Every structure is written in structure tokens, then in C-alpha cells.
Amino acid sequence: MGSMEIPPKGDAGKTAEGLSSEKREDLWSILLAVAVLLSSMAAPEAVRELFTDLLYVF
Amino acid sequence: MSWIRSLVVPDWPKFIPGLLVCIAFALVVMNVDHLLGKYHKANTASIKLPRLEQQLNTLSEGDDNPRKVAELNKAIAGHRKALEAVGGQVGQRWAWATFLHETCQLSYVALLLLGGILIRNTVGVAKVFLPGVGIARPFIKPGIIILGVHYVWNDVLKVGGVGLVLTAVFIFGTAIIVMWLCRKFGVSDGLGGIMGAGTGVCGVSAIIATSPVVKAKPLDIAYAIGTILLFGTLMLFLMPYVGKALGVTEPQFGAWAAVAILNTAQLVAAAEWYGDEARDTAVLINAARIMLIPFIVMYTVWFYDLRAQYGEKSSFLTTVRDKFPVFILGFFLLVILNSFHFAALGGPGDAGTPFWAMNAVYKWFFAIGFAGIGLSISIDDMRRAGGLAFAIGASSALAKAALGLIAVVVIGTELLRVTGGH
């Protein structure tokens, strides 16, 4: 982000199928959020424990 | 099927090493933050417990206030639990933890940003990690979507409505002034256009979105991004201290950050640093703000009179379709679901429900994104930003920050407070 490298965003970053990297980021964000929602619906206690307890290793 | 194929990031293996570094950095810092918090709580408990127990004894003898006795018992139980968590006893002190956690405000946000900057500018980040470090920043987006479980529709109408008016006035005000000043002082249309959009609306995203419209050169884009990030970095570190010094409340700070800081990741970082209420307000107003990106692109087209070249293929509708930040729909979907209080989904405070579980996840996405920001901030790159365009962009952004502060103080805390339905 702080780098001066220009990310391939906007029209310039479009793939052959026409999806810009900005849109791709957005769609991945939605997919990740859906994955979290589905996991939380399937096993809320396990998800909660993972992120409030198990990941804190020290 | 083609759009599914296009979801795959070209050359994706090159992003993996840097992304893993950011995840590892976030994991370590979240653990350090957790540890500091744990010892700070234990230190507070060690100091407070004798006094609370004495109060309880006095009250129990009198037996005239059962509610107060119950409250004291609850507080004592909480403090004992905090001491047990570190295996400590009353009388032990962990003043270092209180100093770092409370006095220095070293939350996970500060640790990731300051630590990342320190690493990047001392030991450095190997070239193999740079692409992945750059791609970590957008991990803030799924965090923002998940944060939707904190809001109800009334919050969106109240805070989002105020925020929309506030940001619309400031966005277009700043963009108009910067573009006009750049033209007046002979800055090229390419640089002036993206500087105006960048300082007015959403920083890097707006620069990228408007760059093809004004036919900005790669150097112009790099220059404008450098200016926006330099200013955003300065504000990110300064604003929480200015806010505390001026006694700005958390909801007011959240609105101020959403108006003054030009980059989503940086404003979320500043607001999260300031407090939970500040973050909730900032994220909601930012959601309103980034929806204005297509409009700023249209304004840029109009200002630089490029409709003849650009307008053929870019009507208002296609601009909205191309530039609309789709991920924000996920955020609003969760706000709507939370507003209906579906029993199957629960709420962030209802133990054992899906939304309660999700509420524990967003900070981890933020942490990976903040790790990406910290490790990306190169002081050498920042030095390259300078000159007239920087002076115009920075002074306009500074004026926007000052006026934004006045505006949020005038609006007051209540209109900017997110209730979450409580």
C-alpha cells in the first residue's frame, strides 16, 4: 500500500473476462464472509472458541 | 463459469509468501495484545480487590443494600478471574502491562502499524514478500462485512443518513477545491483529477477509479497515491491523540475519522485504535462514503470535460456498475438480517448463536489487513511525494479534517452513536 508499485486496479487491471482486481477483491471478501457465516451457523461454539481462545497461544 | 475463473488472481503463487508473513505477524501481535490485556487486567484486579472486599465487608455488616452487595460480588468475581488467568495473587504488580496497554495505548492496531513500519524501514521486507504484503490490506473488507452484525437498520438510517450528508458535502467540497486549485496552479489534468478524487473520497480506490478517466500517467498515479498515504499515515497516528486531547467522544471521533482520513484501511485502524464505538460509527459512515465513488468519477468526467472521449462507453449506469464497491452489499445484508432478530441467527450479544460467533472473527481479518498496511509503509516511498500537488492535496485534506472536526462537534454524540438495537 505504501509502495509506489501501481496495483493493477480499475480498468487497467481487468482480466480477459472483464473482472477488475477491485471487483475480484470485493467478491473474495463476500465469499470469505459467507464462509464465516456458514461456519458460524454450523458450529457457533467452535468458531467462537477458535477465535477467542485457541488462536491465543501464549 | 468464466466469472468463476476470473476470481482466480493471476500469478497467485507470488502472493502466498507475503500473505503468510502478514498472517504470522498478525497472529503474533494479537497474542502480544492479548497478553498485555491479561496482565493489565490482573494488575488492576490486584490493586482494586482489597478495597472492594473491604467495601463488601462493611456493606454485609449493615445488610441494607442487597443490590450493591450483588454488584460488589460480581466485580470481585471478575477481578479474581483476572488474577487467576495469570496465576497471580493480590499484592503482585504488573505495572509494565498497565503502562503499555493503557498509558501508551498499545493496542493490536498500534502494535501492527508501528511494528510493521519499524520492520519495513529497519530490517526491511524481502522482495519475495512484497506482492503478498500488498494484497493483505483488502482483508479488512471481509472484516467490515462481518461487522454488519453490530448494526440495526435504525443505525443505518440515523448515523448513515447524517454520515451520507456529511461525507457528500466534504467529498464534493474537497474534490472541487483541489481540482480547481490544481488547474489554477498549472498542475496537469491527470494529476489534478486523481488528486481531487483521492483527497475528496476514498483515497487509493478513488485514484485508481478516476485515473483512466483523466488519462493519468503511471507516475501521476504513484505520486497521488504517495501523497494520500503519507497524509493518511500522519492522520492515523495524530488524530487519536488530538481527539483524546480535545475530549472528542468515540462516536464523534468515528465520524471525524470517516470524513478526514482518506483511506478505508487507515480510517478503520484509527477508529479501532480510539475505541469500539468509534469503530462502529466510522465503518457505517465509511460505507455511505464509498458508495459515492461512482459519483466522484462522474464529476471528474464532467470537470475535465472528457465526456466526448469517455462518455460513449461510460454512461452513468455503467460507471455505477464498474465502480460500485460490491462488498458493501454484504455488509448491508448482515445489517438487515441483524435488524430482523432472526432466532436462527441471534445477535452479537446472544451466546451460542451464529452472529455471536461471527462477532469474534472480524478483528482477525482487521489484524491481517493492518499487518499489510504496517509492512507496506516505506519512508523512502513517502519521501517521493512532494511538490505543489502534495501541498495542495495535503492542505485541502487538512482543511477538511479541521472543518470535519467542527462539524462532528456541532452534530453531537447522540446522532452519531451506533446503538446496535440496544
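## Helix pair in chain B

A crossing of two helices is right-handed if the near helix is turned clockwise from the far one by less than a right angle, and left-handed if anticlockwise. In this predicted model, the crossing of α13(B) and α14(B) is right-handed. Helix α13 of chain B covers residues 264–274, and helix α14 of chain B covers residues 276–290. Their axes come within 8 Å and cross at roughly 160°. Angles over 145 degrees count as roughly antiparallel, so α13(B) runs roughly antiparallel to α14(B).

Which residues of α13(B) and α14(B) make the contact? From α13(B) come B:Thr264, B:Leu267, B:Val268, B:Ala271, B:Glu272 and B:Tyr274. From α14(B) come B:Ala278, B:Arg279, B:Ala282, B:Val283, B:Asn286 and B:Ile290. By class, the contact holds 8 nonpolar, 2 polar and 2 charged residues.

## Domains of chain B

Chain B splits into two domains: domain 1 spans 15–103, and domain 2 spans 134–416. Where they touch, 8 residues of domain 1 of chain B contact 7 residues of domain 2 of chain B. What classes of residue does domain 1 of chain B bring to this contact? Its touching side has 8 nonpolar residues, with no polar and no charged ones.

## Confidence in chain A

The average pLDDT of chain A is 77. A score of at least 70 is reached by 69% of its residues.

Residues 1–13 of chain A have a pLDDT below 50. In the model, this stretch still has 44 contacts beyond near neighbours in sequence.

Notes:
Residues are numbered from 1 along each chain as its sequence is written. Chains are lettered from A and ligands numbered from 1 in the order in which they are written. This is a predicted model: local features need pLDDT of at least 70, side-chain atom pairs count only at pLDDT 80 or more; totals for chains, interfaces and linings use all residues. Axes are lines fitted to C-alpha atoms, for helices over the stretch in contact, and angles run from 0 to 180 degrees between N-to-C directions. Helices (H or I, at least four residues) and strands (E, at least two) are DSSP runs, numbered from the N terminus. Angles under 35 degrees count as roughly parallel, over 145 as roughly antiparallel, 65 to 115 as roughly perpendicular and the rest as oblique. Two residues are in contact if their C-beta atoms, placed from the backbone, lie within 7 Å. Ala, Val, Leu, Ile, Met, Phe, Trp, Tyr, Cys and Pro count as nonpolar, Asp, Glu, Lys and Arg as charged, and the others, Gly among them, as polar. pLDDT is the predictor's confidence in each residue, from 0 to 100. Domain bounds come from an automatic or database domain assignment.
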